[in-house]
Amino acid sequence: MPTVLLLALFVGCNQSTTQTPAEIEPTRLEEITTGDDSVVSDVSTDEANEFAVRWQQAIEQNDAATAREMIDWKAIFDRALVGFDVDPRFRSGFHQGASQAVKNLVGVIHQGIQQSGSYRLVHTVQRGQSQHVVMRLLTSDGGTNYHDIQLTRKDGKVVGDHLFIAMTGESFGDSLRTNVAAVIQSQNSVLARLSGTAKTEMDNLNKQQEMSTAVQQGNYPRALEIYEALPAKTKQMKLPMLFRVMSLAEGDYDAYVEAINEYSQRFPNDACLGLITLDAAGINQDEALLMKSYDSIQKWTGGDPYLTTLVAGVRATFGAAEQAAEMLETVDVDALELAGAHDFALTVSLARDDHQSTLHHLTALRDQYGYEFTDLTTVEDFKSFAASPVYQQWLAGSQ
């Protein structure tokens, strides 16, 4: 079932209206444990940090072989089939697709971080009695996502046994399980096969796969075309609605915000709402929603300083420059080693006419990240800076 696997791997999940014959409790991401020395994980913090370094390298080098060794994918794929009465042939085909699916997952993330993207550790955290690593994914097209990998010890090695994806708000194994449920059930039903329901379910899943591919390739008009052709029931499922939101992000803002609102109404308690509503808050200049989204994501990740710079930059555009500056006081922007962090901090310094900070961030963007700037005296946002004595230092450094 490589088609089903790739579909789930890219973004995650789909709310099937068909219940599985033997429900299992979804894996929950526990609250981060702080200040409780009595709770000890069998994986140390040092081991978690070492895992994060190797995992990051595997993604950056598009090393699917290493990625397969670092995660207990068999346990994840087995979990997707728990409670289903599937024949050996189906189960064998499902597992045969695992290797290619993992390669696809690594390839998708790797492709997303080419040029200006990045994939880095945010924190190692303890949730309950388990160590976790929280990775930040910044794609070259400006997308933000987080992966949380729960660690365990197996055969003397530290491996991941659950992969949680912020954009879906659930574990990868549960996302995969939900995706295959309708197809498995329809194939197991004689009535479904006779009536053509089984074929319809598979066709719908393949259409979602095609939509996923279009989104990955940046062919957003095609993705939206596929969405509009889906049955009404399928349009209300989580995965197609997420793909629709992604496809509208670079187009008509009104349609984009409408899609976000429809998703929020459809899934009001969804764990991934923070990431989705963050963008809508910026577009609508809704500071209350912005901070609510920010708090939600920070709770999920344990606190990401990069996200703090992003939200501070957005708040500065709302006219809340002083509040934005207070947020930046908690962040070492240079230590993040991300051009985007300097870009957001620059927005704050410009809004406050903080010329020394503006000089600092401009210099970092030019010298460390290769940004090229035109004559700043011609740019409206830089007029105050260009009229200051500090501007001469910028000119001197640019020569």
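Where is the place of Arg 136? Arg 136 sits in strand 2, which covers residues 130-138; strands here are DSSP runs of E with at least two residues, helices are runs of H or I with at least four residues, and both are numbered from the N terminus.

Before I go on, please keep in mind that this is a predicted model, in which local features need pLDDT of at least 70 and side-chain atom pairs count only at pLDDT 80 or more, while totals for chains, interfaces and linings use all residues. Residues are numbered from 1 along each chain as its sequence is written, and side-chain values use heavy atoms, with hydrogens and water left out.

Is Arg 136 buried or exposed? Arg 136 counts as buried because its relative accessibility is 4%, and buried means under 20% relative accessible area, exposed means over 50%, and partly exposed lies in between, with a 1.4 Å probe and protein chains only. The side chain of Arg 136 is joined to that of Asp 304 by a polar contact of 2.8 Å (a pair of N or O atoms within 3.5 Å, where, within protein, one must be able to donate a hydrogen and the other to accept it, and residues adjacent in sequence count only if both atoms are side-chain atoms). Leaving aside neighbours within four places in sequence, Arg 136 is in contact with several residues, including Tyr 119, Asn 145 and Leu 338, where contact means heavy atoms within 4.5 Å.

Let me turn to the aromatic rings. Rings of Phe, Tyr and Trp (its six-membered ring) pair if their centres lie within 6.5 Å, and planes under 30 degrees apart count as stacked, over 60 as edge-to-face and the rest as tilted. By this rule the count comes to 8 aromatic pairs. One of the pairs is Tyr 263 with Phe 267, which is tilted, at 5.0 Å centre to centre and 45° between the planes; Tyr 263 is buried at 0% relative accessible area, and Phe 267 is buried at 10%. Tyr 371 and Phe 373 also form a tilted pair, with 6.3 Å between centres and 35° between the planes, but here Tyr 371 is partly exposed at 32%, as is Phe 373 at 29%. Trp 73, Phe 77 and Phe 172 form one aromatic cluster.

Finally, the helices. The axes of helix 13 (residues 273-284) and helix 14 (residues 287-301) come within 8 Å and cross at roughly 155°, the axes being lines fitted to C-alpha atoms over the stretch in contact, with angles running from 0 to 180 degrees between N-to-C directions. Helix 13 is therefore roughly antiparallel to helix 14, since angles over 145 degrees count as roughly antiparallel, under 35 as roughly parallel, 65 to 115 as roughly perpendicular and the rest as oblique. Among the residues that make the contact are Leu 278 of helix 13 and Tyr 294 of helix 14.
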